[in-house]
Amino acid sequence: MERTLLIIKPCAVQRGLIGKIVTRLEERGLKLVAMKMQQLGPEVLREHYAHLVNKPFYPIIEESMMAAPVILTCWEGVDAVEVVREMAGATNGRKAVPGTLRGDFCVSHQENIVHTSDSLETAQKELARFFAPEDYCDYPSPMLGFIYAKDEL
Ligand code: ADP
C-alpha cells in the first residue's frame, strides 16, 4: 500500500469544497489515514515549492497558499500516489479534464484547489514535512476485500 499527500488549498477551503473533495477520494476507495487543518507560513512553502521559488509567479503562489488555512490529508491505497494525482487533473484548471477534481471544481492555473504528490519519493518527503508519526491513525478496513481483489493486496 502506498501513502500520498493531498493538500486542500485555501481557495477550496474558502469556497466550501472540503467535504466534496474528501468525499470523492473516499468514494473512489482510498483510505484517509491522517488529516489536519493548518495555517502555512513562508518557510514551509519555500521548502514545499522549492522547484518554483525562482519563478516570477512565486509570490502569487505564496500569497495564495497563505490566504487561509489548508487541510493536509494523507491517503492510503494500492498505487495511491498515481491514483490521487490522476484524480487531481492538469495543473491549469482550465485545461483539466472534466471528471477530475480540478476539471470539475476550478478554472484557474493557481487557484487549482488541491496539491497532490507527484511520485512515491516526493510523497514520502512531503508527508514527512507535514505529518509527525503520531498523526497517522491505524484502524481496520473491513471493506478492503470489496475494494480490491485478493491478488491486488
Ligand atoms: P502541481 O500542483 O500540478 O504539481 P506544479 O508543482 O508545477 O504543479 O506547481 C505548483 C503550483 O504552483 C500549482 O498547483 C499552481 O498552483 C502553481 N503554478 C504552477 N505553475 C503556475 C503558473 N504558470 N502560473 C500560476 N501558478 C502556477
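The side chains of Arg-129 and Glu-47 form a salt bridge, with N and O 2.8 Å apart; a salt bridge is taken here as a side-chain nitrogen of Lys or Arg within 4 Å of a carboxyl oxygen of Asp or Glu. This pair links distant parts of the chain, since Arg-129 belongs to helix H7 and Glu-47 to helix H3 (residues 42-48), 82 residues apart. Helices (H or I, at least four residues) and strands (E, at least two) are DSSP runs, numbered from the N terminus. Arg-129 is partly exposed, with a relative accessible area of 25%, and Glu-47 is partly exposed at 46%. Buried means under 20% relative accessible area, exposed over 50%, and partly exposed in between (1.4 Å probe, protein chains only).

The model is predicted: local features need pLDDT of at least 70, side-chain atom pairs count only at pLDDT 80 or more, and totals for chains, interfaces and linings use all residues. Residues are numbered from 1 along each chain as its sequence is written, and side-chain values use heavy atoms, with hydrogens and water left out.

The structure holds six salt bridges. One of them joins Asp-104 to Arg-24, with 2.9 Å between the closest N and O atoms. Asp-104 lies in helix H6 (residues 101-105) and Arg-24 in helix H2 (residues 18-28), so this contact ties together parts that are 80 residues apart in sequence. Asp-104 is partly exposed at 37% relative accessible area, and Arg-24 is partly exposed at 24%. Lys-36 and Asp-135 also meet in a salt bridge, at 3.2 Å from N to O. Because Lys-36 lies in strand E2 and Asp-135 in the loop between H7 and H8, the pair ties together parts that are 99 residues apart in sequence. Both residues are partly exposed, Lys-36 at 25% and Asp-135 at 26%.

Strand E2 (residues 31-38) pairs with strand E3 in the antiparallel sense over seven bridges, and Met-37 stands opposite Ile-71 in E3. Two strands count as paired if DSSP finds at least two bridges between them. Strand E1 (residues 2-8) also runs antiparallel to E3 and is joined to it by seven bridges; here Thr-4 stands opposite Trp-75.

In a regular strand the side chains alternate between the two faces of the sheet. In E3, Val-70, Leu-72, Cys-74 and Glu-76 are buried on one side, and Ile-71, Thr-73, Trp-75 and Gly-77 are buried on the other. Eight of the eight residues of E3 (residues 70-77) are buried, so the strand is largely enclosed by the rest of the structure.

On the surface, Met-143, Phe-146 and Ile-147 form a nonpolar patch with about 360 Å² of accessible area together. Patches are made of residues with over 30% relative accessible area and no salt bridge, where like charges are joined within 9 Å and nonpolar side chains (Val, Leu, Ile, Met, Phe, Trp, Tyr) within 5 Å. Accessible areas come from the Shrake-Rupley method with a 1.4 Å probe. Met-143 is found in the loop between helix H7 (120-130) and H8 and is exposed, at 52% relative accessibility.

A patch of negative charge on the surface gathers Asp-79, Glu-82, Glu-86, Asp-151 and Glu-152. Asp and Glu count as negative and Lys and Arg as positive, while His and the chain ends are not counted. Glu-152 lies in the segment after helix H8 (144-147) and is partly exposed, at 45% relative accessible area.

Notes:
The place of a charge is taken as NZ of Lys, CZ of Arg, CG of Asp or CD of Glu.
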